[in-house]
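Let's take a walk through this structure together, one piece at a time. Have the viewer open and follow along.

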Amino acid sequence: MTKNFKTQARSAARLGAVQALYQQQMEKTATARLLDEFHQHRLGKTIEDDQYADADVAFFDDVVRGVDARRGEIDELLTGRLAQGWTLARLDKTMLQILRAGTYELLARQDVPKAASISEYVDVAKAFFDDREAKFVNGVLDAVAKETGR
């Protein structure tokens, strides 16, 4: 089954949001500047012969702004889902952004079904990692969903 345009645009927005959040963590870029950069130069653009998919820009903005605004709450939820002895600082930086974006969506986007959110961030994880890490994302986000009553 192929994804419809809206679903593809949201998938692209999620991937872009994870990339933007990673850049923000690494470079300490202000959110407004980061959003502008992605709007102007990344989302739906061709970069080094790679065509980036058109993204649902409003959804992208909401995820990036939401993670930024609720980072403390999100990180607390995530910390409680990690195995004993693990901290957010031990996680791969890309993995951390995937989990943050997924957690934000589970907390704030009641319009998106829980299973769809989790599945989409598992797919984002597969773009960067192998199946083991994708299963980790699934497990953590499922636990977050249960914790938040989704």
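Predicted model: local features only at pLDDT ≥ 70, side-chain atom pairs only at ≥ 80, totals over all residues.

pLDDT is the predictor's confidence in each residue, on a scale from 0 to 100. Over the chain, the mean pLDDT is 89, and 91% of the residues reach 70 or more. Among the elements, helix α5 has the highest mean pLDDT, at 97, while strand β1 (residues 46-47) has the lowest, at 55.

Let's start with helix α7, which runs over residues 131-147. Its 17 residues reach 24 Å from the first C-alpha to the last, close to the 24 Å expected at 1.5 Å a residue. At the start of α7, look for Asp-130: one of its side-chain oxygens comes to within 3.0 Å of the backbone nitrogen of Arg-132. Beyond the other end, α7 is followed by Gly-149, whose phi is positive, near 80°.

Which residues of α7 are buried? They are Ala-134, Val-137, Val-140, Leu-141, Val-144 and Ala-145. Seen down the axis of α7, these buried residues fall within an arc of 140°, so they line one face of the helix. As for the buried side, its cover includes α4 (71-81), α5 (93-108) and α6 (114-128).

Thr-103 is in helix α5, and it is buried, with a relative accessible area of 0%. Leaving aside neighbours within four places in sequence, Thr-103 is in contact with Ile-74, Leu-77, Leu-78, Leu-141 and Val-144.

Now turn to α2 (31-41). Its buried residues are Thr-31, Leu-34, Leu-35 and Phe-38. Seen down the axis of α2, they fall within an arc of 100°, so they line one face of the helix. The face turned away from that buried side carries the exposed residues Ala-32, Arg-33 and His-41. In the loop between α1 and α2 sits Lys-28. Its phi is near 55°, a positive value in a residue other than glycine, and Lys-28 is exposed, with a relative accessible area of 68%.

The charged side chains come next. Side chains of opposite charge can pair when their charged atoms come close. How many salt bridges does the structure hold? There are eleven. One of them joins the side chains of Asp-56 and Arg-10, at 3.5 Å from N to O. Asp-56 lies in the loop between β2 (50-51) and α3 (57-69) and Arg-10 in helix α1 (residues 5-27), so the pair ties together parts that are 46 residues apart in sequence. Arg-10 counts as buried, at 15% relative accessibility.

Another salt bridge pairs Glu-120 with Arg-14, their closest N and O atoms being 3.5 Å apart. Here Glu-120 lies in helix α6 and Arg-14 in helix α1, so the pair ties together parts that are 106 residues apart in sequence. Both Glu-120 and Arg-14 are buried.

Arg-109 counts as buried at 15% relative accessibility, whereas Asp-111 is partly exposed, with a relative accessible area of 49%. Through shared partners, salt bridges join Arg-10, Asp-56, Asp-62, Arg-109 and Asp-111 into one network.

How values were computed:
Residues numbered from 1 in each chain as written. Heavy atoms only, no water. Helix = DSSP H or I, 4+ residues; strand = E, 2+ residues; numbered from the N terminus. Expected span 1.5 Å × (residues − 1). Buried < 20%, exposed > 50% of the residue type's maximum accessible area, 1.4 Å probe, protein only. Arc of directions from axis to C-beta. Contact = heavy atoms within 4.5 Å. Polar contact = N/O pair within 3.5 Å; in protein donor to acceptor, adjacent residues only side chain to side chain. Salt bridge = Lys/Arg side-chain N within 4 Å of Asp/Glu carboxyl O.
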